[in-house]
Structures are given as C-alpha cells and as structure tokens.
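Here is a report on one chain, read from its atoms. Keep the structure open while reading.

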Amino acid sequence: MAKKSEIIVRDVAIKTITVNGVDYICITDVAKQKNPVDPNGVIANWMRNRNTVEFLGIWETIHNPSFNPLEFEGFRKEAGLNAFTLSPTRWITATNAIGIISHAGRNGGTYAQTDIAFEFASWISVEFRLYLVKEFQRLKAEEQKLLGWTAKRELSKINYRIHTDAIKSHLIPAEVTREQANIIYAEEADVLNVAMFGMTAKQWREANPELKGNIRDYATINELICLSNMENINAVLINDGIPQGERLVKLNKIAIQQMQVLEAGSGRELLK
C-alpha cells in the first residue's frame, strides 16, 4: 500500500506517495504552478521535448532492468518534431517505465520519482525547484524523526512487558483478584513515572485534561530511552527483593544521570 503525504511549496499543495520504499512527487500539482487550469498540458509539452525524453530514457536505463530501449529509441528520434506528442500513459505503456506513474481518482494525477520530479520542477521554474527540494527534505526529516520516536515507544512497550512479568512473579500474592493485581501494576508503573517525570499518571491527567493518551505518549525520544532502561533495571531490583521506596530513590538517581548524558548536560531533576 502506498503511503501518502503532502507538502506546501509557495502556497501550492504538492502530494507525495511512497510505493515499495520509493518516493514519488505529484508533478500534476507542480505543473499547476505554471498553469493551474491545464496542468496535464504542461506535462505533455515537457515530455515532447528531446532533452526530456533523453533524460527519462537514461534514468530508466540506470534504474529499471525491464525498460524497453527499442521503444525509447523510437521516441528519442521523433522528439522535438512538430507532430510529436508524448503523454505519461503512452511513455509508461510503451517502455515499461517505472519513473513515472499515473493514479486515477479524486486524489490522482501523474507522479514522478524524485529525480524526475525535480527535473520537471526545474523546467517549470528553477526557483520553484529549490523550494520543492527544501520542503521535500523537511518532510523526509520529519518522517525519520517520527519513525525514531515510534521505534523507541515500541521498545518501551516491550520493556514494560518484562517489567510487569517481574511484578507478577515477585510482588503479587498468589490469591488476589484481577482488580487487586491491576492496582499493584499501576503502582509500579507510577514508580517509574515519578522517577522519570516527577508525577504519577493520575497527577499528569489532572494537570493535562485537554490531552489524550497518557504521560508516556508525550515523552521525548531521550525520555523513552531512559524509561526503557529503567524498566529493565526495576525488574532486576524487584527480582532482588528491593523495597519499593528504595527502588524509587535508585531509579530517580539513574533517571537524572542518564538524562544528563542524553541531553548533553541539561539534566532534569525530577524529585526534590
């Protein structure tokens, strides 16, 4: 399934999609910079240019083992002639091209792999191309940042399972109700919350009634790294039979020390 996004370039909304790990930019949207009424006509004029045909052919030769070079040679010989026309669909069908794809429907259009899209943008406007590249790079940086945050959040969840297993084995008596067990789990989760954030989950909800989720959903990547470490350490301390109060003090000291390292000296003292 394709992943869809959108960037704004000089007040123009440009759709992007990622198909099998390859990024494409909607050149139909880019073409609206030149002619908002007939963007397909702009693309057709660009594609009938001899330099464009040669560029597309070279790109496909490098990246596409299924590219049809014979059909490309035919287009290359005709390119530039007054009667020559070339649409994205004709190019794709004749040459098995993968650098340009067409999507039908309300959010459809002609999409081009980033190298090709940037080349097209240069033909439209060198200035617009520079803004397009800048915004696309910003989009990819944001995606990488989100990916890193998600990975750390998942790591925290895995470590939390290790943590709860230790609680189940060493802190919960054999004959308790499910409700009683949940109280113990919540108390131990709050040991980590207080050590890391200086407040319990309930205190955070009361202080942030407008926010959805829980305190950890709003943690930074560094805080999630620290939480993952502390969950493992707390499981070991529980296994060793260390009382909750002593564990809280130890974990808080660990949180302060690790955050000082992660934040390059900007430590965060959470307990007074």
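This is a predicted model: local features need pLDDT of at least 70, side-chain atom pairs count only at pLDDT 80 or more; totals for chains, interfaces and linings use all residues.

E223 is found in helix 10, which spans residues 221-239. Is E223 buried or exposed? E223 is buried, with a relative accessible area of 7%. That value is under the 20% cut-off, so E223 falls in the buried class.

## The chain as a whole

The chain has 272 residues, and buried residues make up 40% of them. Its secondary structure comes to 11 helices and five strands.

Contacts in the chain can also be sorted by sequence separation. Among those between residues at least 6 apart in sequence, 60% join residues at least 24 apart.

## Helix 2 and its cover

Helix 2 covers residues 39-47. Which of its residues are buried? They are P39, G41, V42, I43, W46 and M47.

Among the helices are helix 1 (27-31), helix 3 (50-63), helix 5 (88-95) and helix 6 (114-124). Strand 4 (100-103) and strand 5 (109-113) also belong to the cover.

## Helix 2 against helix 6

Two packed helices are described by the angle between their axes and the distance between the axes. The axes of helix 2 and helix 6 come within 11 Å. They cross at roughly 100°. Angles of 65 to 115 degrees count as roughly perpendicular, and helix 2 and helix 6 are therefore roughly perpendicular to each other.

Which residues make the contact? Helix 2 supplies V42, I43, N45 and W46. Helix 6 supplies I116, E119, F120, W123 and I124. By class, this contact of helix 2 with helix 6 has seven nonpolar residues, one polar and one charged.

## Salt bridges around D29

Side chains of opposite charge can pair when their charged atoms come close. The count of salt bridges comes to seven. One of them joins the side chains of K15 and D29, at 3.0 Å from N to O. K15 lies in strand 2 (residues 12-19) and D29 in helix 1, so the pair ties together parts that are 14 residues apart in sequence.

How accessible are K15 and D29? K15 counts as buried at 17% relative accessibility. D29 is buried too, with a relative accessible area of 3%. D29 also meets K32 in a salt bridge, at 3.6 Å from N to O. K32 is partly exposed, with a relative accessible area of 37%.

E73 forms a salt bridge with R76, and the closest N and O atoms are 2.8 Å apart. Both residues sit in helix 4 (residues 69-78). They are three residues apart, so about one helical turn separates them. E73 counts as partly exposed at 29% relative accessibility. R76 counts as partly exposed at 24%. Salt bridges that share partners join R50, E54, E73 and R76 into one network.

What caps the N-terminal end of helix 4? N68 does: a side-chain oxygen of N68 lies 3.1 Å from the backbone nitrogen of L70. G80 follows helix 4, and its phi is positive, near 95°.

## N51 and R76

N51 is found in helix 3. N51 counts as exposed at 56% relative accessibility. How far apart are N51 and R76 in sequence and in space? They are 25 residues apart in sequence and 8.9 Å apart in space, C-alpha to C-alpha.

## A positive phi at N96

Most residues other than glycine have a negative phi. N96 has a positive phi of about 60°, although it is not a glycine. Where is N96? N96 is placed in the loop between helix 5 and strand 4. N96 is partly exposed, with a relative accessible area of 41%.

Note on methods
Residues are numbered from 1 along each chain as its sequence is written. Side-chain values use heavy atoms; hydrogens and water are left out. Buried means under 20% relative accessible area, exposed over 50%, partly exposed in between (1.4 Å probe, protein chains only). Helices (H or I, at least four residues) and strands (E, at least two) are DSSP runs, numbered from the N terminus. Contact means heavy atoms within 4.5 Å. A salt bridge is a side-chain nitrogen of Lys or Arg within 4 Å of a carboxyl oxygen of Asp or Glu. Axes are lines fitted to C-alpha atoms, for helices over the stretch in contact, and angles run from 0 to 180 degrees between N-to-C directions. Angles under 35 degrees count as roughly parallel, over 145 as roughly antiparallel, 65 to 115 as roughly perpendicular and the rest as oblique. Ala, Val, Leu, Ile, Met, Phe, Trp, Tyr, Cys and Pro count as nonpolar, Asp, Glu, Lys and Arg as charged, and the others, Gly among them, as polar. A polar contact is a pair of N or O atoms within 3.5 Å; within protein, one must be able to donate a hydrogen and the other to accept it, and residues adjacent in sequence count only if both atoms are side-chain atoms.
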